[in-house]
Amino acid sequence: MSKVLENLRYADSHEWVLVEGDVATVGITDYAQHALGNIVYVDMPEAGDEVTAGEEFGAVESVKAASDLISPVSGEVLEVNEALEDAPELINEDAFANWIMKVKISDASEIENLLDAAAYAKVCEE
Amino acid sequence: MEENLIKTCLHDRHVAQGALMSPFGGFDMPIQYTSIIDEHTAVRTDVGVFDVSHMGEVRISGPDAYKYVSHIFVNDVTGAPDGQIFYGMMCHENGGVVDDLLVYKVNDEEYFLVINASNIAKDVAWIEKNAAGFNVTIKNESDYYGEVAVQGPKAEEMLMRILNLPLNEIAFYNFKTFDIDGEQVIISRTGYTGEDGFEVYGSHDFTRRLWDKLMEAGVKPCGLGCRDTLRFEVGLPLYGDELTDDITPLEASLSMFVKLDKPTDFIGREALAKQKEEGVTRRIVGIELEGKAVPRHGYPVEVDGKVVGEITTGYNSISTGKSVAMAMIEKPYTKLGTPVEVRIRKKTFPGVVVKKRFYDKNYKK
């Protein structure tokens, strides 16, 4: 069984969001890392880029395939997790501890559209 | 379409062992059991086993068997001792590849062909069509045979112990037939990984018993995921990627297997001889990229913003950690050292043309 954390919000495209004030920390879920298998590269945006909810902001590459990352929120990228540049496999080790980007939230109402832990767990079961 | 997928004789084992299953060549095949990287590493450093029962087997026998095999196969089997195996292709008249295959010489009147799963129906129809006028019998034995590939530096030791057979007497690209439990089992020193190892062809029952013994002995089950990364690293082609009906062996940089001067004529010879004389206009080469982004099948390769080819297979190499690819590139950009760019999603990544062998083979010859 994949892990789902209670304190996070989720997109049905398997990204998680931790909201702290007006900053959203975004990563991919345990379910996603498990489905992808060995992750070998994370294509990340740069600090200062604008991302849009529902649109692609990068990609995660496993040995076999590339999978688009879909931003759960809109706003300016404040920071990306540079540790993933040399060690993308950290996401396989702990998908919730190894975030991908932090975004300054431009539209807080978008958070309300995201799934809570119970609803996301159901998505994973389907 | 998934309900139409064929299951190999080991399918229930894969499911019970928790393999990630996926369609390949019309079969429901294991892609990985635990991790592609772990399985890849087991084959490079120890031993692993693959279910390759999806591969097709065709037996050609009769007084004209030598003449007929020579007619449809670009490599030269003339004068070979019984028990030798040849790699090569069957080609269309225009030189495009029908399939790449192994030809096992049983004797001058009997050959055993091992073909790709995805091409079984096409190959058998083509082989039958071209047999007119030859005194041969063509038998598609794909439904009878199960096949496992035991691969890696410890493959010989492991398989000899399990089967209690003198497999050390089988030379590279040779085979022997053994009577095991009342049936004829074919064992060859071949594989598709760049490592030493064996491929074992037997009935479904035999194949299941062998698989279970390999599991009891602790041999790592390996899926098609690492089969692809392993073959790719040592520059071996996969039909559908580096070879197609529209790609000739010369364009695939496999001319060493095309014997234009062999004593018999063969289908495609004229076109291939002409292409060799005029020179190919495009060719498969290797590309090494800066950084870790992964070039994948179909991604464009550019020089000065102009598309000059595309990736046929690419990976972040598990053995070397480098992002590398095989690519079909137009001349003159095929020259070693040519700087190129590969378009990966919205960005381009710089790379350079290199030899298409990214890891040295470790065969026991």
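## Two helices packed in chain B

In this predicted model, Leu159(B), Ile162(B) and Leu163(B) of α5(B) are in contact (heavy atoms within 4.5 Å) with Phe206(B), Leu210(B), Lys213(B) and Leu214(B) of α6(B). Six of the residues in this contact are nonpolar, none is polar and one is charged.

Helix α5 of chain B covers residues 155-163 and helix α6 of chain B covers residues 204-216; they pack at an angle of about 115°, with their axes 11 Å apart. Axes here are lines fitted to C-alpha atoms over the stretch in contact, and angles run from 0 to 180 degrees between N-to-C directions. Helices are DSSP runs (H or I, at least four residues), as strands are (E, at least two).

## Where chain A meets chain B

How many residues does the contact take from each chain? Chain A gives 17 residues and chain B gives 20 residues. About 1500 Å² is buried between the two chains, 47% of it from carbon and sulfur atoms; this is the accessible area (1.4 Å probe) lost on being put together, summed over both parts. On the side of chain A, Tyr41(A), Val63(A) and Lys64(A) lose the most area to chain B, together 38% of what that side buries.

## Charged pairs

Five salt bridges (side-chain nitrogen of Lys or Arg within 4 Å of a carboxyl oxygen of Asp or Glu) are found across this interface. Asp43(A) and Lys347(B) form a salt bridge through their side chains, at 2.6 Å, N to O.

## Reading the model

Residues are numbered from 1 along each chain as its sequence is written, and chains are lettered from A in the order in which they are written. Local features need pLDDT of at least 70, side-chain atom pairs count only at pLDDT 80 or more, and totals for chains, interfaces and linings use all residues, while side-chain values use heavy atoms, with hydrogens and water left out.

Methods:
Nonpolar A, V, L, I, M, F, W, Y, C, P; charged D, E, K, R; others polar.
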